[in-house]
Amino acid sequence: MAEEIRTTCAYCGVGCGVIARTDDDGNVTITGDADHPANFGKLCSKGSALAETLGLEDRLLYPEVGGTKINWGDALQATAESLNHIRERYGPDSIGFYVSGQLLTEDYYVANKLMKGFIGSANIDTNSRLCMSSSVAGHKRAFGSDTVPGNYEDWDQADLVVLVGSNAAWCHPVLFQRLITAQNTRGTKIVVIDPRRTPTCDTADLHLALKPGSDVRLFNGLLIHLSDNGNTDTDFINDHTNGLEDTLQHAREDTKDLAEKCGLSEDDITAFFELFAGAEKVLTAYSQGANQSSQGTDKVNAIINCHLLTGRIGKPGMGPFSLTGQPNAMGGREVGGLANTLAAHMEFDDKSRDIVSRFWKTETLASKPGLKAVDMFRAVHEGQIKAIWIMGTNPAVSMPDANYIREALKKCELVIVSDVMQNTDTMKYAHIALPAQAWGEKDGTVTNSERRISRQRRFLPPPGAARPDWWIISQVAKYMGFAESFDYNSSGDIFREHAALSAFENEGDRDFDISGLGFNFEYDFSPVQWPVNGLNPRGRERFFESGQFFTDDNRARFVAVRPQAPVNAPDKSFPLILNSGRIRDHWHSMTRTAKSPRLNNHRDEPDITIHPQDADKYELDQKGFVKITSRWGNALVRVRITKQQQPGHIFMPMHWNDTNAANAVVGRLVNPAVDPLSGQPELKHTPVQIKKWAPEWHGFLLSRERITPESLTYWCHSYQKGCHILEFAGTGDMMENDFLSPFFAQAGNPDSLTFSNSASGQMRLARTRNDKLEICLFVTRKGALPDRGWLQSQFQKACLDHGIYSILLSGQPLDPSNAPGPIICSCFGISQKAILSAFAGKRVKTVDDIGDLLKAGRNCGSCRPEIKDLIASLRAS
């Protein structure tokens, strides 16, 4: 009998509810949960494809020490003995934990408890440091606590939504579609502040393509405009805030030549200021474009200042709103997963340390904040940290100055990695590898961007010897000698302790209190926004409604901020600025999304986007190759030329790694500068130089089994239905290339078809077995190669049609119009060809028409801008 389980999506901070249905044969289908208040049944392309990512390929299934599989008892003993040895010899600060927003709250809790409470160091930090720690620091400076004031309903109710450094259409598409609905039904205005013209700008009323790094100056200008024109809430300021006069004085110094210094027109700045001043309900949502900066905290406070000045906070449809990137970055903040917080939103003050020490019954609680992510790996590199335990994250790819990170891991005395996958770039450095359970295999909780706690539930059997992270950490703690304090039988036991700590001696002076959930012994509650306690038994929608904050005097603080020059500025040697971030259908370092054929369809190779002006200057061609070099490393990727990119700036996705590309780790390029307050890296501003790379030949290999090259300058792997696709390029004699020559040697075999043309330098080969296609290799020195779609479709056939053999090496069907072409809508698998056909048949005229006919754009909506551009190009032609 089919089983139906309600759980929560594994991806971004929106926290969508999903329903996993498992049939009698063990097949899983995923749909949106219509009853979940975060998404009401909607899912993005990634969430819709979750069922395609559940396979066990490349999974780490058994513990390993020194590359040898061993049992759990021996692995736990080896881990505990090694940690105890290092702790006793070098002290507690010689150990570090680097954890992840992919962990469940219960995993996070025991990791933080072990490190800060019993090992005795606060050297535990999280990859969330890379995505939202500037928002945490900004909240604390303004509110006295890391409190998110509002919720998703504010997106439905706002008159004006200002999106700062957020490509929400791609990165938070389900939430973005709520905004589009509000725009269409109640006339909500949308302003996008972003140097790039992203798909989010498609429906914006105003796009401010400001100079990168000028956010503080722009919002200081807005603050002065609001103040000078009387757009202030005087009662709120007088009764509930401090610091306005000093803040205005500093801000006023930045208003001279505002438009020029922000790279904007006077008209656009005026339009923005008037929209903000004239709208009653204003929501300012910001994301990594603001946070990932050496001045990220100041950017956050510049935004908050404008909301405090107007009293637009704590009320429906208004306030500052941080869009978190990971499914449980918020849960990590709650338990103390950041090195500079203690636990349950408590800091390292004497009172908090006393509370936590007594609750955990420990005498070894860390006495001071630990090292933040970048500093932690620097300490590893310098030998101060002798042991590091990395949980559920891939810092060899995602950290800035990734070459330095890899050097640090290589030098480290003890590297422990607990993860789902065995083939990550980071796992290569592990002395001890511990197999963790993946999404769908374990139980726990996550907290989304609006403070809503939801359950993740198991619907799959655990494979091999994989165990939940909380179990792995707790068992190691027991073997280290802390058994009494880590005697948990389930994730529910941990959650109840976490809830109890949140309420322990909490007289309302701490915002985080979920004691009302701690009494739920069935551990089965509906999604709810914290706090959940006696005063708020059903949760709380918003904070600061009454103007009471968590500072010593209960007043919010205006924070005087000034624009600062980037830590690393461009110069003659490195004249361009590199920005990095996500693309629509991939996630982090692709360990999950790369398993999905439809997600690989949207962008199957790493590239940079560059303005035509710069492309001409550097003689780059569309889909050609470019080498990018910074002071910290280099990369080799494809070229995508578009006017959506500002001149002087390039953008490169963050997802590719050494598992699926030769040299496309953007982290190798990114500079390690950090915000001095939050410790968040400057991932959006790295000076680089670029140079055209002209290979002597290029090609692709389609194969039923994955084949990974070792002797190609450029290669990129992606998985599609029925086959693996390897794109490659190189220099020298291709007939003598170590990777290609074994294939060429197969020419003439009875099961192989071959074609060669010495004039164009083309070589094509196909190999079959029992009328099934095994390999297709196409290489050329000149010109383009056929689209891969038709050839890829032949791998899905149980038996090749005999008529196919005569045209197989052409790479296309007899009628080229039958070639499927690229996929535009990943949610429903709608191809460009289908859209073109509908338009040619005069059945559609608009994006909505396409949705009505084909469903494309009707789910998460992230493909709608591309459909709109496609229709516009068809009309123009």
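In this predicted model, the side chain of E605 reaches the side chain of R638 through a polar contact of 3.1 Å. A second polar contact, of 2.5 Å, joins the side chains of E605 and Y714. E605 sits in the loop between α23 (597–602) and β22 (607–610). Its relative accessibility is 12%. The cut-off for burial is under 20% relative accessible area, so E605 counts as buried. Beyond its neighbours within four places in sequence, E605 is in contact with R638, W656, Y714, C716 and E727.

S580 is found in strand β21, which spans residues 576–581. With a relative accessible area of 6%, S580 is buried. A polar atom of the S580 side chain lies 2.8 Å from the backbone oxygen of L683. The C-alpha atoms of S580 and P653 are 5.5 Å apart, although 73 residues separate the two in sequence.

Aromatic pairing was examined next. A pair of aromatic rings is described by the distance of the centres and the angle of the planes. The structure holds 31 aromatic pairs. In one of them, the ring centres of F219 and F272 are 6.1 Å apart. The planes of F219 and F272 meet at 80°, so this pair is edge-to-face. F219 belongs to helix α8 and F272 to helix α12 (residues 266–278), so the pair ties together parts that lie 53 residues apart in sequence. Both F219 and F272 are buried. F625 and Y714 also form an edge-to-face pair, with 4.9 Å from centre to centre and 70° between the planes. F625 lies in strand β23 (residues 625–629) and Y714 in strand β28 (residues 714–720), so parts 89 residues apart in sequence are tied together by this pair. Both F625 and Y714 are buried. Y714 is also the residue whose side chain makes the 2.5 Å polar contact with E605. Elsewhere, ring pairs link F143, F236, F512, W530, F543, F544, F549 and F550 into a cluster.

Charged groups also sit over rings. The charged end of K113 lies over the ring of F486, at 5.0 Å from its centre. R467 lies over the face of W471, 5.5 Å from the ring centre.

The largest nonpolar core has 114 residues. Within this core, F97, L114, I193, L218, F272 and W389 touch the most other members. Helix α3 (residues 105–119) gives the most to the core, with eight residues. W389 is in contact with L83, G96, F97, Y98, I416, S418, L434, I472, I473 and V476, leaving aside neighbours within four places in sequence. Another core, of 112 residues, lies apart from the largest one. Among its members are V28, A408, C827 and I871.

Helix α10 covers residues 244–252, and L244, T247, L248 and A251 are buried in this helix. These residues span an arc of only 95° around the axis, which puts them on the same side of α10. The buried residues of α10 pack against α8 (215–228), α9 (234–240), β11 (241–242) and α14 (296–310).

Technical notes. Residues numbered from 1 in each chain as written. Heavy atoms only, no water. Helix = DSSP H or I, 4+ residues; strand = E, 2+ residues; numbered from the N terminus. Buried < 20%, exposed > 50% of the residue type's maximum accessible area, 1.4 Å probe, protein only. Polar contact = N/O pair within 3.5 Å; in protein donor to acceptor, adjacent residues only side chain to side chain. Contact = heavy atoms within 4.5 Å. Arc of directions from axis to C-beta. Phe/Tyr/Trp six-rings, centres within 6.5 Å; stacked < 30°, edge-to-face > 60°. Lys NZ or Arg CZ within 6 Å of the ring centre and 35° of its normal. Core = buried A, V, L, I, M, F, W, Y, C linked by side-chain atoms within 4.5 Å.
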